Structures are given as C-alpha cells and as structure tokens.
Amino acid sequence: MAQTTGLENNPDIVDFTSMLRIRLVEEAIADRYAEQEMRCPVHLSIGQEASAVGVCAPLTTQDRMYSTHRCHAHYLAKGGGLKAMLAEIYGKAEGCIGGRGGSMHLAAPEVGLMSSVPIVASAIPLAAGAALSDKLDGNGRVTVSFLGDACVEEGVFHETANFARLHDLPVIFACENNLYSVYTRLDARQPNRPLTALSEAHGIPSEHVDGNDVALVRAAMERAIDRARGGDGPTFLLLDTYRWREHCGPNYDNHIGYRTEAEFEEWRALDPLERTRAALRQDGFADDDWLAGITADLEREIDEAFDFAKNAPLPDPASASVSVYAE
C-alpha cells in the first residue's frame, strides 16, 4: 500500500502538487477561453511546469523574481494568489494589478513576484537592478530573472550579464529554452554552440539542466542560490523544456508547419508531471487514490477562483488614470 502520511513535508510531493495545480489552472483557462470573457492574450506554460516550480521552490518570499509574457506558472509557483490572477485575466478590479494588465502583466510583490514584462528580455535589467540594491543593502536576498531562449539575442542580456558579473550581483538568470521564438526554431536563429557559452563569455557560471525534471531544476537552483547568497555572484541556468500549446492562445498548433507532430510527441513523453509521479510511485507515494483526491481538491479550488473572477466587479472607469501619471 502506498504511503499517505508525511506527504506535506515531502519536497517531491510538494513540487508535484504545485506542478499539477499549474497544469489544471492553465487547462481550465484553455477550456474557458472560447467563452470570450478573458479579453486578453494568454501564453500558456503547459508542459513547462517543472522549470517554474523547480526555480521557485527554494526561494523565500523575500527573494524577488521578474517574469516574462509567459508568466502564469511563475506567478503561481512563487505563491501568487489564484483568485487575484484569474480576476486580472478577466480584467476585474480584484485582479492582482486591478484588472489593468491582463495575463502578461501579473505581479504579487507580497510574495516577491515584482512584475511580469512582456517585452522580450526587458525583465533582465530589472532583476539586476533589484540585485544591486540588495547587495548594497547587504540583506542576503536573491533575485531571479526568468527569460526565454530568444532573450539572449537581445543586447540588454549581454549588457546586464556584463554588469552583473562585474559587480558580483546576487542574481540568477533562469533561461527556459523551449526551442522556439514564436514560430522560429532555435537552430534557425542561433549558431551551433550551447547557450551556456554566452553566459560563460561574460564570466558567469552556468548549469545546463533537464528543465522537465523538477528535482534536477530545484537542485541546480539551490546551488545557484548558495553562490548568490555567499557573495559569488550570478548564475545562468539553462533549462530545456517544451510548450505543448501554441505560442499565444489555448489551442494546439502542430498542423501549421513550424514543428512536427513527431517532435511534439517526443516531448510530451517527457511530461514533467508524469515523470515526477512515476518516481514518487516507485518510492511508494502518490497512488491513484491520492492523485484522485488531490486533483478533486484542486479542481474545486480552481472552480471557486473562476467563479470569483467572473463575478468580481469591473474597475471603476474613474480610476483609469491611477498609476499612470505622477502625483
């Protein structure tokens, strides 16, 4: 019989539950998107949950994080409130930034998610600035910048990497390499050399990790945090992963020709949830009854959060200029 006690203290169970929650939330967004009540684009991370959870799990609420346009998983993994996230996507006043930004602008500063910036690579210098302030204050905090593989093609990545290494900033660059910049494959944009070579050219230590193995991601992140808190400066983590759905939107898009069905199936076989659960079952955890129970609990939470978001009030039009102009 599978074990059922002590699961709340098992980090692998915690990580699996966090990944499952993210998966179920985003599948629910995809299922409901056709209702036309979420009037903003959505960039889903289905298939990429391990990189988000593995990076965020070792962080404290005092450690800061900056995200990208594909930010749902990062927001939830860092501890952002689900009701506030969905209300934001529905454009409601109870949203995490008052319904002003939608899916690509999530923030939860109370748990350290400072902002999500959809402009490619623009979160990178923000994270370095936060890390600089932490170093000057000597408070021992760490800052993370999530970035995609296309971000290393922007000049701001190299400018920031140079500055971060020069000043040994406590910043971690977590690069989620899902092989594509929208519809353009990595090998059509980059020469045949590892992306880690770019950080190493700036003197920044790197680790190349299977981004669909949450335990490996978490372990690499813990090493990077130790270096940052110990005064040894930045780290670049290259996390290989794969998004299952289209670049922007709720659907599958293998039929349009930029990737093959065979490639998709190869990556789907590396599903981070299934891999983690298989390992847990080998250790006597996460049996079918437990999985059914935790799934039902999460689905109830998600349904309640959607009901909250859909029934929440719209922002007062009189508040449209709030936070736009300095006062």
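In which sense do strands β1 and β3 pair, and over how many bridges? The legends below describe close-up views of a predicted model.

**View 1. Strand β1 beside strand β3.** Strand β1 (residues 64-67) pairs with strand β3 (residues 143-148) in the parallel sense, over three bridges. Within this pairing, Tyr-66 has Ser-145 of β3 as its bridge partner.

**View 2. Strand β1 beside strand β2.** Strand β2 (residues 113-116) also pairs with β1, in the parallel sense and over three bridges. Here Met-65 has Leu-113 of β2 as its bridge partner.

**View 3. The two faces of strand β1.** Side chains in a regular strand alternate between the two faces of the sheet. On one side of β1 lie Arg-64 and Tyr-66, and on the other lie Met-65 and Ser-67. Are these four residues buried or exposed? All of them are buried, so both faces of β1 are covered.

**View 4. Helix α5 against helix α6.** Helix α5 (residues 123-137) packs on helix α6 (residues 155-166) at an angle of about 15°, and the two axes are 9 Å apart. Because angles under 35 degrees count as roughly parallel, α5 is roughly parallel to α6. The crossing of α5 past α6 is left-handed.

**View 5. Residues in the contact of α5 with α6.** Which residues of α5 and α6 make the contact? From α5 come Ile-124, Pro-125, Ala-128 and Leu-132, while α6 supplies Val-156, Phe-157, Thr-160 and Phe-163. Seven of the contact residues are nonpolar, one is polar and none is charged.

Terms used: Residues numbered from 1 in each chain as written. Predicted model: local features only at pLDDT ≥ 70, side-chain atom pairs only at ≥ 80, totals over all residues. Heavy atoms only, no water. Axes fitted to C-alpha atoms, helices over the stretch in contact; angles between N-to-C directions. Parallel < 35°, antiparallel > 145°, perpendicular 65-115°, else oblique. Left-handed = near helix turned anticlockwise from the far one by under 90°. Contact = heavy atoms within 4.5 Å. Nonpolar A, V, L, I, M, F, W, Y, C, P; charged D, E, K, R; others polar. Buried < 20%, exposed > 50% of the residue type's maximum accessible area, 1.4 Å probe, protein only. Pairing = 2+ DSSP bridges.
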